[in-house]
Amino acid sequence: MTAPPASPAGGSAPAGVPGAARQGRAARKRPEAREPAGRSPVARVAVDVPLAHLDRPFDYLVPSGLDDAVVAGSRVRVRFAGQLVDGIVLHRVDRTDHDGPLAYVERAVSAEPVLSPEIARLARAVADRWAGSLTDVLRLAVPPRHARVESEPLGAAVEGAPEPVAGGWSAYPTGPAFLRALGDRRSPRAVWSALPGDAWPARLAEVAAAVLAGGRGAVLVVPDRTDLERLDAALTAVLGPGRHVALAADLGPAERYRRWLAVRRGTVRIAAGTRAAAFAPVADLGLVAVWDDGDDLLAEPRAPYPHARDLLVLRAHLAGAAALLGAHARTAEAQQLVRRGWAREIVADRGTVRSAAPRVAAAGDDDELSRDQGARSARLPTLAWRTARDTLATGAPVLVQVPRGGYAPALGCARCRSPARCAYCSGPLAAGAAGAIPACRWCGRPAASWTCPTCGGNRLRAQVVGAARTAEELGRAFPGVPVRSSGGDSVLAAVPAEPALVVATPGAEPRADGGYGAALLLDGWALLTRPDLRVAEEALRRWANAAALVRPAGAGGRVVVGADAGLPVVQALVRWDPAGFADRELSERAELGFPPAVRFASLTGTPEAVAELARLARVSPSTEPLGPVPAGEGTERLLLRAPREEGSALARALHAAAAVRSARKAADPVRVQLDPLELF
DNA sequence: TCAATCCGTATC
DNA sequence: ATACGGATTGAC
């Protein structure tokens, strides 16, 4: 360590020159004399440059005039490689490790310490875990500044803690103990299988109340906006007003920053939100929770592509906080946390599950279709049709889950069944409405006339029937029964307790007042035939989320799933055993060498760039390359597979290789993703 | 011998 | 990105 030099720029600065600078030819403003702050004159700054080889802090001198504003966590502007860039102060320190002159911090943007020590540590760990740069993570973690909001008067914190309530947690044998531990400032970790019909937002709100009772704060993450609205309402109901904020991406910059600042300043201690809220800088963090961690909305689409579940697990670990992963279904990742002993299970006993769940029956492809004319055109198996008819007769609504939106989202040749492709870009053709001219789903060009390249036929038929056409057909099959649709841009939150057919795409199912009388889960084959590692897990997740909205079997609740009864995933739904399914799934993946039993990295870019990065990455001998395979538009994708315990070494090697490439000014970027959701 | 230019490397 | 240092080139 060396002491900071007394003056910047190698001693050439006009330290002793009085304010009246000599007039040059032009009225060029000379920098006024600056001197380093008296104590801790060095600011260690994370500069906002995305280059991998610059992913480390840089030291600057704090001029005495900025001594008060340049604090750990505050935003600054500094000169870096000749240009002014944004930065965030990581620390104020006494001396520098840098042997060379230090530049001064140019400007303090504000004295607000936006980066808390906990989030600074987390951001570094996230960058390391996902082979990214700190800068990239900070862009995800710290929202853009809004100066006016920052200067608004501080809102008052609501004092005291709300009454803790065991509420619905007593339905789970280990639930009350979990809540008690939170109230005692301990940090239990659990994977929670929510009972069908349970009001999960209320359960999360009760958990938040327990954390508050212990004097700590919590972060609660849900997949989407609709879930957040429900959680927001439950938090208000259980905690009272002013004790939490809802953080969503679409709030607008001012409101977003206002709520975020309330968390950062400690005015509120409970932060609920969608995936970006996983970084919410809650003070004295007691708990992180995530609902329905299998939802792919929790995967961040921006570099370095962290997944909110894994990020929260990491955060709980670093901060010594409790963790709760709740869902109706269960992911293999959550099951792995249980198996490794990192988390305990919170599950109801079999009897409770049985009495809460609807009765589930399978109607596979070989089931005869209904003889009813309308029902046949709606491709309802007899069982589904009868179930709908009988349920509607009792006065209850029926939920119809259709895997795909639109009208006919995939068309094929009427004669040979081969998929219909766009003549220009080879994208899939789809029809938007009955009798509408088909159009390409990629480029939007209409295909007024079409000839099958395989057999020469020129008539199209629907390969996949979408929700819109299903609604139309159900209307004919059940004349006089209202049909409501939910999906795409128009998602219904709830429907009344009256006879209706409610057609929804997965994730857009409205809740029914008093529960649905029945749910028909159509076209299971369409869900299960996609070439994806997670198809079965994802199908069970979607089915369970829909079936959880149906009344218990004892109250007449019925579910018909349109898939082969012999499939293990269908059996898991029939028996309502998501934990058993996840356990078997995890074992299978371990045998086949798939995540989460092993770690994967995916490198995407031009073939040369991918090859170069793979060559530069000093990976362990047990790291296995798979591919590369074409990934469209002149790019390739290479997968690297490593044993689970070598995951961080793999990430480190890839980041180091990316640093070599960025230092060489390599032109073509390579996208590096750890644990990518899509493997094939 | 010196200045203009090129290239590589560090960026505090 | 840009800026700087050292090497290289070319003209006198």
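Four strands make up an open sheet, ordered S26-S27-S25-S28, with antiparallel pairing; strands are DSSP runs (E, at least two residues), numbered from the N terminus, and two strands pair if DSSP finds at least two bridges between them. Strand S26 (624–630) and strand S28 (671–674) are the edge strands, each pairing on one side only. This is a predicted model, in which local features need pLDDT of at least 70, side-chain atom pairs count only at pLDDT 80 or more, and totals for chains, interfaces and linings use all residues. Residues are numbered from 1 along each chain as its sequence is written, while chains are lettered from A and ligands numbered from 1 in the order in which they are written.

**Sheet and helices**

- From one strand to the next, the twist averages 15° (axes are lines fitted to C-alpha atoms, for helices over the stretch in contact, and angles run from 0 to 180 degrees between N-to-C directions).
- Five bridges join S26 and strand S27 (residues 636–643) in the antiparallel sense.
- Glu624 stands opposite Arg641 in S27.
- Helix H18 (residues 607–616) packs on the sheet and touches strand S25 (598–605), S26 and S27; contact requires C-beta atoms, placed from the backbone, within 7 Å, and helices are DSSP runs (H or I) of at least four residues.
- The direction of H18 makes about 140° with that of S25.
- Helix H19 (residues 647–663) lies across S25, S27 and S28 and runs at about 20° to S25.

**DNA strand B**

- The residues around DNA strand B include His53, Asp59, Phe80, His98 and Ala103; a residue is near if its C-beta atom, placed from the backbone, lies within 6 Å.
- Strand S2 (residues 58–61) supplies the largest share of this surface, three residues.

Conventions:
Contact = placed C-beta atoms within 7 Å.
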